[in-house]
Amino acid sequence: MIQGIAASNGIAIAKAYMLTAPDLSFSKNNAENPNLEVERLEKALEVSKQELEKIKAHTKKEIGDEHAEIFSAHLLVLSDPELINPMKEKINTENATAEAALDETANMFIEMFKNMDNEYMRERAADIHDVTKRVLAHLLGVTFPDPALIDEEVIVIANDLTPSDTAQLNRQFVKGFATDIGGRTSHSAIMARSLEIPAVVGTKQVTKDIQKDDMIIVDGIEGNVIVKPSDEQLAAYKEKQEAFAKQKEEWAKLKDEPTIASDGEQVELGANIGTPQDVEGVLDNGGEAIGLYRTEFLYMGKNELPTEEEQYDAYKSVLEQMGKKPVVVRTLDIGGDKELNYLDLPEELNPFLGFRAIRFCLENTDVFRTQLRALLRASVHGNLKIMFPMIATLEEFRQAKAILLDEKDNLKQEGVKVSDQIEVGIMVEIPSTAVTAKQFAKEVDFFSIGTNDLIQYTMAADRMNERVSYLYQPYHPAILNLVSNVIEAAHAENKWVGMCGEMAGDPIAIPILLGLGLDEFSMSATSILPARTQIRELSKEKMASYKDKLLSMATAEEVMEFVKEKTE
Ligand code: PEP
Ligand code: MG
């Protein structure tokens, strides 16, 4: 049994699909028969084209035209004589093997395009890089994994899954996944929860211990992966799978009920989403709001920025699906573990502390304004609230809000209708902001506490790094004091406070947060019904009476023990 971190609830049983980078190294010997090498090259190009056609068709059907365009660009590269002819020439004149000719020619073009002062050409460098890896894999006879092409039930095994890998996974066939790295709040884990597939992350060793087609059980409840289970194990886990399905049926009874604690106090349970497709799962799971729409996914998995129209369509779709229910849309939070290759931003030593989110948007105001215009235009289709990420200073908020108001004026002048009811708030995920919440509360309409980052910045412990995960302590009194400070500051100004970090759906944190006065809890859709079940059993007043005691405790351990004892 391999132990990891339980990232998404449920039990999955299927064979392993290795989503691992193949070894593409080759020796640089001279070729003996140039004709044969040219033939090998042509064959590898042809097979790669056929594969790309399939992936393109699949992406078009599952994700949309825009995303499929990347593969059209890749196909063009494979048919470009300006690239292919020099490869053949290298084989014929220098006795190069097909592998060496492909690799050297492609690298020459990549270097040339990469350094050009033209974004279009820089994107071509990325295309050439991607496709040549595929062709090289065919020449070497190794498999190049394509998550989009999975067409049988599997469990995906990977070192890590990038958000765009995760977005490509086909829910129908991918029954679960397990990774070497990552934590509960890494984006692959968050995506797994919104896709509602069981997942275990941070195992350190699944890619080493598991082989293609091995039978696997992923226990996303306990955080275990079982490789080649015995018959007894299989039977036991099938039973567990059924019990989980029954439990889900029980939870589902509360789908249309409000979230009211045993003493009559009501709170709101919202969901975090990444795409308009996620809304269906939110409504199925009884979500009362979208507490966080992470718009980054609109910008990822493609080669260029999304247009205003594309964004407008996505925002409108989410707002319409939610009807009167609130939808908090977060403006672009790029950076950290969410990269956009096409922006070509310089590499940073500490990306989580670097040029990201609102910092990027305030400098690239054209990108920011496009998003704000799309949001403002969509605002008439529902109950929109706009939230800025990674706010560290009041000036940043003022600047961002001024740009928003400016775009609103522009639209009005153009005769475009914009709602006048849009609340504008911020994520509280940087300690400076949590500490000075009182000052912010006078100017913002609401706060949403982003504990995923707030914890990492407060404890100085990277949320992606398992070696310091012992320091990633949501129940640490430092975190509870910051959270309490934010809630008090907001309530003093009659503003509401939500939490959209993973802590909001954590069964140990929920009683504490209820007692501290949190108004809105936003979590993975699948956590909503268990949370509602739990809150209905809790008294807010009773939990509030423990507030001072909890805030003055010395360790996270003490907090945890206390809460367990009081809520049993
Ligand atoms: C957070 O930091 O708590 C948060 C919700 O944002 P993200 O996980 O996208 O960084
Ligand atoms: Mg964050």
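**Figure 1. Lys 408 and Asp 420 in a predicted model.** Lys 408 is buried, with a relative accessible area of 17%; buried means under 20% relative accessible area, exposed over 50% and partly exposed in between (1.4 Å probe, protein chains only). Asp 420, at 55% relative accessibility, counts as exposed. The side chains of Lys 408 and Asp 420 meet in a salt bridge (3.4 Å, N to O), that is, a side-chain nitrogen of Lys or Arg within 4 Å of a carboxyl oxygen of Asp or Glu. This pair links distant parts of the chain, twelve residues apart: Lys 408 lies in helix H15 (residues 394–413) and Asp 420 in the loop between H15 and S14. Helices (H or I, at least four residues) and strands (E, at least two) are DSSP runs, numbered from the N terminus.

The model is predicted: local features need pLDDT of at least 70 and side-chain atom pairs count only at pLDDT 80 or more, whereas totals for chains, interfaces and linings use all residues. Residues are numbered from 1 along each chain as its sequence is written, chains are lettered from A and ligands numbered from 1 in the order in which they are written, and side-chain values use heavy atoms, with hydrogens and water left out.

**Figure 2. The salt bridge between Arg 40 and Glu 99.** A search of the whole structure finds 37 salt bridges. In one of them, the closest N and O atoms of Arg 40 and Glu 99 are 2.7 Å apart. Arg 40 belongs to helix H1 (residues 34–62) and Glu 99 to helix H4 (residues 98–114), 59 residues apart. Arg 40 is partly exposed at 27% relative accessibility, while Glu 99 is buried at 8%.

Figure 3. The chain is divided into domain 1 (2–20 + 147–250), domain 2 (34–140) and domain 3 (255–567), with bounds from an automatic or database domain assignment. The C-alpha centres of domain 1 and domain 3 lie 27 Å apart. Their contact (heavy atoms within 4.5 Å) takes 17 residues from domain 1 and 18 residues from domain 3. The two domains bury about 1,600 Å² between them, 56% of it on carbon and sulfur atoms; buried area is the accessible area (1.4 Å probe) that two parts lose on being put together, summed over both. Thr 185, His 187 and Arg 193 supply 35% of the area that domain 1 buries against domain 3, more than any other three residues. One salt bridge is counted between these domains. Arg 193 forms a salt bridge with Glu 502, with closest N and O atoms 2.7 Å apart, and both residues are buried.

**Figure 4. Strand S12 and its partners.** Five of the five residues of S12 (residues 326–330) are buried, so this strand is largely enclosed by the rest of the structure. Pro 326, Val 328 and Arg 330 point one way, and Val 327 and Val 329 the other. S12 pairs in the parallel sense with S11 (residues 289–294) over three bridges and with S13 (residues 383–388) over five bridges; two strands pair if DSSP finds at least two bridges between them. Tyr 293 stands opposite Val 329, and Arg 330 stands opposite Met 387.

**Figure 5. The magnesium ion (ligand 2)****.** Glu 429 (OE) and Asp 453 (OD) coordinate the ion at 2.0 to 2.1 Å. Donors are N, O and S atoms within 2.8 Å of the metal (3.2 Å for Na, K and Ca), and sites may look incomplete because water is not among the atoms. Both Glu 429 and Asp 453 are buried.
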